[in-house]
Amino acid sequence: MPYFLDVILPIPVERTFTYSITAEQVSGIQPGMRVAVPFGKSKIYTAITFRVHQIPPTAYEAKEIHEVLDDTPIIAPLQLEHWRWIAEYYMCTLGEVVRAGTPSMFLLESETLIVPGQIKEIDESRLKDDEFLVVEALHHQTSLQINDVIQITGKKRVLPLINGLVHKGVIKLKERIQEKYRPKQVKYIKLSSDFDSEEALESLLKQLERAPKQSQAVLSYFNIRGSHKKPLKVADLENESGVSKAVIKALVEKSIFEEFEIQTDRVIFESNQKTATDIQLNTLQAGALKDIQIGFGQGKVCLLHGVTSSGKTEVYIKLIQSALASGKQILYLLPEIALTSQLINRLKAFFGNQIAVYHSRYSQNERVEVWQNVLQKNEKAKIVLGTRSALFLPFTDLGLIIVDEEHEQSFKQFDPAPRYHARDSAIYLASLHRANCLLGSATPSIESYANAKKGKYGLAEISHRYGDVLMPEIELVDIKEARRKKRMHGHFSERLLNGIQEALDEGEQIILFQNRRGFAPIIECTTCGHSPQCPNCDVSLTFHQYHQQLRCHYCGFNIPMLKGCPACGNSTLDTKGFGTEQVEEELKQLFPEVKVGRMDLDTTRGKYAHEKLITAFEAQEMDVLVGTQMITKGLDFRNVGLVGIMNADTLLNFPDYRAHERSFQLLVQVAGRAGRTKKRGKVLVQTYNPYHQVLQQVSRYEYSNFFQEQWYEREQFKYPPHIKMLRITLKARDFNTLNEASAWLATSLRNVLKCTVLGPESPVVSRIRNEYLKNILVKFDASESVSKAKKSIKRVEQSFDAISKYRSVRVVYDVDHI
């Protein structure tokens with residue numbers, strides 16, 4: 001009886017693929033291993049093994065696998081189960097989850113090699129000039145890659161040329177697959193065993209008298225070895241002795257020194273200096289910890305609602321210590337890379353080299369090393385600190401998941417698929433491992449707080465700041481009145497300028513928040529009203545003064561700043577609105593002596609950019625930090641006395657049902673950066689409408705009242721958490737086709753589903769990257785089975801795909817969209 005293997009390919013296709021395997025291979029194959037398989041005409045892909053069986057495929061003849069790439073699975077069984085749930089719940093394919101969750105170093109694709117063909121004697125007169133260059137190159141090399149041919153010919157399109165040579169039999173193509181990951185090897189050095197005796201050593205030093213540099217290197221070696229017995233790195237010997245690599249190489253060639261290599265991790269944290277028992281919790285923290293432990297004992301997810309600077313991290317450390325004592329793994333999720341650098345320093349003091357960090361700014365090699373350490377349950381990866389992608393790591397014995405700042409929308413993946421929410425996925429992952437799950441926030445999401453109020457989640461609260469420090473005083477500044485009385489200096493009110501001066505006089509630092517990067521979102525001609533637009537998207541270009549560019553924040557299109565209006569030719573161009581760059585510039589003009597830093601996407605693109613900015617601000621190298629929402633999330637600055645919010649109205653007036661929730665969360669969070677030590681902080685919120693209900697609630701920290709109002713409004717208008725919601729986005733390059741297709745799909749869904757179907761409607765930005773967009777909103781009633789409704793939608797999509805004129809239309813599902 002032949003054997004077959006179902007595999008998951010990292011491509012957006014709904015099903016698994018079946019390949020044939022030999023009886024000998026059956027015993028060595030387990031689910032979660034990698035195999036190289038042929039796919040299509042000639043390509044070889046890395047696939048993940050799913051199951052072995054003896055049922056042949058009916059629609060096609062099963063091909064043989066190319067080779068088995070692993071001895072043991074790289075994906076754990078519960079991890080694979082979690083990925084299946086993500087694919088099913090978020091309405092994407094398992095292949096897309098595999099592609100998103102696995103480091104690209106693991107997912108090898110074959111490389112096409114060009115080798116000489118069967119014909120030995122080639123009639124060169126039949127060859128074109130470019131073809132002759134390729135053949136000539138193959139006389140000097142055994143094989144060429146596609147990039148080599150591009151360089152040889154100087155052309156970008158070389159496939160017709162290669163196909164022509166294949167057709168003439170001059171060359172043939174072959175696929176090669178190779179491992180991309182290379183472990184880091186560090187060179188160490190030791191003295192040859194020939195010089196162990198004192199006589200041999202004395203003879204060696206006499207021998208080296210004429211080579212003072214080599215003698216210096218040997219003596220430095222003994223000095224270092226005298227202080228510690230650990231293996232000695234070549235680089236350390238170079239630094240200590242002050243000699244060059246050539247000197248050490250000469251000693252190796254003379255067999256005086258011996259070189260050897262040791263495999264090491266690319267990211268290493270030092271040993272801990274403190275233990276978690278050093279932390280003394282206050283009464284409120286201890287009470288919250290007890291409530292959490294009671295909730296965990298009842299098998300519930302717990303929500304820790306603690307005001308900003310109430311000491312939630314200390315409670316987390318106590319829980320981590322308890323999980324470590326049980327020999328379990330811990331996952332600590334954060335919404336922003338910026339937060340990881342500050343938290344690493346805090347946790348490192350207690351847990352040292354037991355911490356591993358995993359996020360998108362790490363290189364692929366570094367991510368593979370963390371993956372392997374987690375899979376093997378190494379001591380150096382007992383605690384994993386990471387952003388949402390850390391959910392996909394191969395945990396085998398998870399004991400605790402902490403989702404810090406659980407309300408943050410950064411936990412939701414938007415593009416590409418899977419469009420998962422890390423908080424909800426973490427709760428399911430915890431249930432698979434029978435682990436404890438804790439959500440923490442000063443401003444919980446409406447959904448989480450509703451679950452806690454219903455008793456579905458355990459609830460622990462810390463209502464006062466650590467050390468009984470008072471919450472910052474929030475003052476609403478009416479800029480409409482200030483403009484009328486001509487008391488505005490650029491975008492700064494007199495009240496904010498006075499507040500900045502007072503804070504500077506007292507030696508305090510200041511944070512200014514403006515949730516828009518760049519200098520100005522719109523450039524407008526004051527003569528004809530023309531505004532430069534992105535040619536690929538339906539948005540105006542944002543002006544970035546530092547680079548003197550107009551840039552699209554959706555597709556990346558950019559042009560140099562215009563000297564004159566492209567419509568009328570006049571040089572009467574003016575800016576509308578303002579971003580962080582403009583705030584920074586105005587501040588430098590108003591306070592020339594003040595050191596100003598800026599933290600937004602433009603200044604934090606580098607791998608360690610977040611860390612450098614945060615460290616510099618902590619060390620008080622800057623007086624003022626201007627930033628976007630990055631500065632609102634859980635950062636702990638001890639010397640900040642004033643927080644200024646440049647314009648609160650842009651947050652409140654966004655056309656979205658969550659606009660008020662997001663505004664409340666952002667404003668309270670950014671306010672929480674002020675006055676985190678003994679002195680009470682000050683927050684100044686500039687607004688055109690200081691009597692707005694949400695701003696009044698923010699100024700009084702009335703989370704409970706705010707929650708009640710939002711709960712009632714959403715109940716009236718049928719929005720989460722009272723219902724489940726799915727947004728279906730249709731994308732196409734042709735506007736008319738999209739209109740017709742979206743109308744057909746919406747009508748079909750209304751016929752099939754019992755729930756509310758809204759749309760199709762164009763979103764706020766109706767064209768991105770030359771693709772027109774239409775949204776259909778599906779609201780699932782509480783009485784209807786959501787999983788059955790999703791299956792019905794998928795069946796409608798199959799009918800939709802069968803219509804030939806709609807094949808150019810792409811359908812994207814966003815479950816629980818925010």
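# Inside a predicted model

Trainee: At what angle do helices H16 and H24 pack?

Mentor: Helices (DSSP runs of H or I, at least four residues) and strands (E, at least two) are numbered from the N terminus. Axes are lines fitted to C-alpha atoms, for helices over the stretch in contact, and angles between N-to-C directions run from 0 to 180 degrees. The axes of H16 (residues 446–454) and H24 (residues 703–717) are 11 Å apart, and the packing angle is about 100 degrees.

Trainee: Is H16 roughly parallel or roughly perpendicular to H24?

Mentor: Under 35 degrees counts as roughly parallel, over 145 as roughly antiparallel, 65 to 115 as roughly perpendicular and the rest as oblique. The angle here is about 100 degrees. Therefore H16 and H24 are roughly perpendicular.

Trainee: How many charged residues are in the contact of H16 with H24?

Mentor: Contact means heavy atoms within 4.5 Å. H16 brings Ile-446, Glu-447, Tyr-449, Ala-450, Lys-453 and Lys-454, while H24 brings Tyr-703, Phe-706, Phe-707, Gln-710, Trp-711 and Arg-714. Nonpolar covers Ala, Val, Leu, Ile, Met, Phe, Trp, Tyr, Cys and Pro, charged covers Asp, Glu, Lys and Arg, and polar covers the others, Gly among them. The contact has seven nonpolar residues and one polar, and its charged residues number four.

Trainee: What pLDDT must side-chain atom pairs have to count?

Mentor: Residues are numbered from 1 along each chain as its sequence is written, and side-chain values use heavy atoms, leaving out hydrogens and water. In this predicted model, totals for chains, interfaces and linings use all residues, local features need pLDDT of at least 70, and side-chain atom pairs count only at pLDDT 80 or more.

Trainee: How many of the nine residues of H16 are buried?

Mentor: Buried means under 20% relative accessible area, exposed over 50%, and partly exposed in between (1.4 Å probe, protein chains only). The cover over the buried residues of H16 includes strand E12 (302–306), helix H15 (422–433) and H24. Ser-448 and Asn-451 are among the buried residues. H16 is mostly covered, and its buried residues number seven.

Trainee: Which residue of E18 is the bridge partner of Leu-303?

Mentor: E12 and E18 pair in the parallel sense over five bridges. The partner of Leu-303 in E18 is Leu-459.

Trainee: Why is one side of E19 and of E28 left without a neighbour in the sheet?

Mentor: Their open sheet has six strands, in the order E19-E31-E30-E22-E29-E28, and the pairing is parallel. Strand E19 (473–478) and strand E28 (596–599) stand at the edges, so each has a single partner strand.

Trainee: Is Asn-558 partly exposed or buried?

Mentor: Asn-558 is found in strand E26 (residues 558–560). Its side chain makes a polar contact of 3.3 Å with that of Gln-549. A polar contact is a pair of N or O atoms within 3.5 Å; within protein, one must be able to donate a hydrogen and the other to accept it, and residues adjacent in sequence count only if both atoms are side-chain atoms. With a relative accessible area of 37%, Asn-558 is partly exposed.

Trainee: What is the relative accessible area of Arg-434?

Mentor: Arg-434 is in the loop between H15 and E17. Its phi is positive, about 55 degrees, although it is not a glycine. Most residues other than glycine have a negative phi. Arg-434 is exposed, with a relative accessible area of 80%.

Trainee: What is omega for the cis peptide bond between Ala-417 and Pro-418?

Mentor: Pro-418 is found in the loop between strand E16 (398–404) and H15. Most peptide bonds are trans. The bond joining Ala-417 and Pro-418 is cis, with omega about 0 degrees.

Methods. Two strands pair if DSSP finds at least two bridges between them.
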